[in-house]
Amino acid sequence: MYTPFLALAYRGGELYARVEFGEGGHVIFFDLCSGGEIRQRYYVDDRGFLSYAVFYEGGQAVHREYFNRRMQWQIREDVRTGLIQVNPKAEYPFARHKYPHMGALIEEVLWNYFRETDQQNALILASDPRHNEMVSRWKGNRKLVLSFFEQRNVMTQQRQEDFREIQKADLVVADTEYAAGLLQDQYGVLAGRILDISPYDARISLGTSARIRELKILCYMGNIDFEERLFWYDALLRYADRHRHVVLVLGLGREAPVDVTVSSVAEELRQVIYWGNYRSCVLSEGRAVVSENEEEEDAAANVLIQDCKTETEIIGILKDIRVIADADPKPDLYLQIAGMSAGVPQILRMKSQYVEHKKNGWILSTRDEFPEALDYFLEGLEHWNAALVHSVQKIADYTNGEIVRRWKRVLSETDKKTV
């Protein structure tokens with residue numbers, strides 16, 4: 001039995017295996033079952049090889065086995081006690097046959113790695129309180145660069161004990177200006193040593209919005225509360241009510257609160273449309289209905305709600321979007337890069353290195369400027385075309401090669417400051 005996200009295999013009328021797929025169609029894990037209970041779960045690395053397996057008894061996990069490339073287990077971890085057992089035939093030359101916990105094994109491997117590698121190498125570490133202290137203890141004279149990524153690190157909840165480890169870093173790199181600002185505020189001693197470098201590269205992938213009559217506006221809702229949502233609903237619906245060919249797409253991002261769903265936003269919009277008497281606004285929870293018959297056009301749906309939680313969903317939606325508006329005071333990084341790659345002007349509430357005011361977007365001083373910003377890019381194509389050209393010019397600064405060159409320059413400057 002197949003679905004886009006799940007496949008179930010039955011043998012003799014009994015569930016035998018369950019396979020889960022990721023958004024790209026690749027296998028995430030598969031379960032082997034017996035007597036209606038899970039017996040084993042095998043996790044597949046997103047690069048395509050088997051990573052590890054969890055074994056169950058009575059529905060409870062009892063141990064994990066981690067594999068090499070030939071699917072031979074190398075270490076076995078007791079889930080209940082944390083005890084690590086090493087396969088006598090393991091490829092890696094472990095010093096012991098047993099370890100009290102995974103941390104002890106990792107520390108041994110880390111120490112061996114640092115012992116065998118050049119002290120002149122720079123060490124770039126994805127910051128995590130579970131390993132920062134261990135790495136800084138064994139790094140020797142290597143330059144330490146701590147990397148912060150908002151989807152991995154909770155910037156506003158950095159623990160006080162992390163302060164000492166962050167102080168030891170020669171450089172701190174964040175993925176956005178917003179994250180760099182938060183780290184600067186919390187750890188002022190790092191002034192001048194915090195830098196933001198995008199983890200995403202920009203690639204020209206221009207959309208088709210200029211070829212269609214409809215003016216599609218994507219409003220990315222982000223993580224905003226009910227009062228904020230009401231403001232944006234009203235502003236967008238009022239604009240669409242006055243402009244015949246405008247189509248609104250409300251995008252629900254991965255930062256959206258758990259209770260904000262397509263159905264809940266649809267109900268909120270119905271209420272705002274009703275009480276605002278927006279007669280020209282017709283809600284559809286699916287795709288917009290574009291009619292070739294002008295007499296039927298008034299009845300066509302021009303307000304959509306769509307999930308924008310994955311990179312694939314964002315890229316798909318941007319193909320025919322004319323303007324992006326990010327309702328969140330903290331703009332989404334990937335959406336900015338994707339919007340720039342598609343040549344779509346962006347309306348933001350916060351200054352960004354990717355969007356320049358009245359060039360490839362509009363930085364709102366207040367929310368009340370929003371209709372003016374939309375008019376700037378939607379009334380005629382002059383400003384929209386200028387934004388497209390400016391975006392294409394900026395893309396060169398954020399290609400894969402340029403990001404790598406920037407990393408090299410940063411590390412080189414760090415070396416000079418330390419000498």
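Figure 1. The model is predicted: local features need pLDDT of at least 70 and side-chain atom pairs count only at pLDDT 80 or more, while totals for chains, interfaces and linings use all residues. Residues are numbered from 1 along each chain as its sequence is written, and side-chain values use heavy atoms, with hydrogens and water left out. For Cys-281 the closest cysteine sulfur is again in Cys-219, 14 Å away and too far for a bond. With a disulfide taken as a pair of cysteine sulfur atoms within 2.5 Å, the count comes to zero. Cys-308 is buried, with a relative accessible area of 1%, and Cys-281 counts as buried at 7% relative accessibility. Here buried means under 20% relative accessible area, exposed over 50%, and partly exposed in between (1.4 Å probe, protein chains only).

**Figure 2. Helix α6 and its two sides.** Helix α6 (residues 262-276) has 15 residues; helices (H or I, at least four residues) and strands (E, at least two) are DSSP runs, numbered from the N terminus. From first C-alpha to last, α6 reaches 21 Å, close to the 21 Å expected at 1.5 Å a residue, where the expected span is 1.5 Å times one less than the number of residues. Val-265, Ala-266, Glu-268, Leu-269, Val-272 and Ile-273 are the buried residues of α6. These residues cover an arc of only 165° around the axis, so they lie on the same side of α6; the arc is that of the directions from the helix axis to the C-beta atoms. Their cover includes α5 (226-242), β15 (246-253), β16 (283-284) and β17 (303-308), with contact meaning heavy atoms within 4.5 Å. Tyr-274 and Trp-275 are exposed on the other side of α6. Just after the helix, Asn-277 takes a positive phi of about 55°.

Figure 3. The whole structure holds 18 aromatic pairs. Rings of Phe, Tyr and Trp (its six-membered ring) pair if their centres lie within 6.5 Å; planes under 30 degrees apart count as stacked, over 60 as edge-to-face and the rest as tilted. Tyr-274 and Trp-275 form an edge-to-face pair, 5.1 Å centre to centre with 80° between the planes. Tyr-354 and Tyr-398 form a tilted pair, 4.8 Å centre to centre with 55° between the planes. Tyr-354 is in the loop between β19 (346-348) and β20 (361-363) and Tyr-398 in the loop between α11 (382-395) and α12 (400-418), so this pair ties together parts that are 44 residues apart in sequence.

**Figure 4. A ring cluster and charges over rings.** Phe-29, Tyr-43, Tyr-52 and Tyr-66 are linked into a cluster by ring pairs. Over the ring of Phe-29 sits the charged end of Arg-41, 4.0 Å from the ring centre. A charge sits over a ring if NZ of Lys or CZ of Arg is within 6 Å of the ring centre and within 35 degrees of the ring normal. Arg-367 lies over the face of Phe-231, 3.9 Å from the ring centre.

**Figure 5. Surroundings of Ala-180.** Ala-180 is part of helix α4 (residues 177-186) and counts as buried at 10% relative accessibility. Not counting residues up to four places away in sequence, Ala-180 touches Ala-174, Ile-194 and Asp-196.
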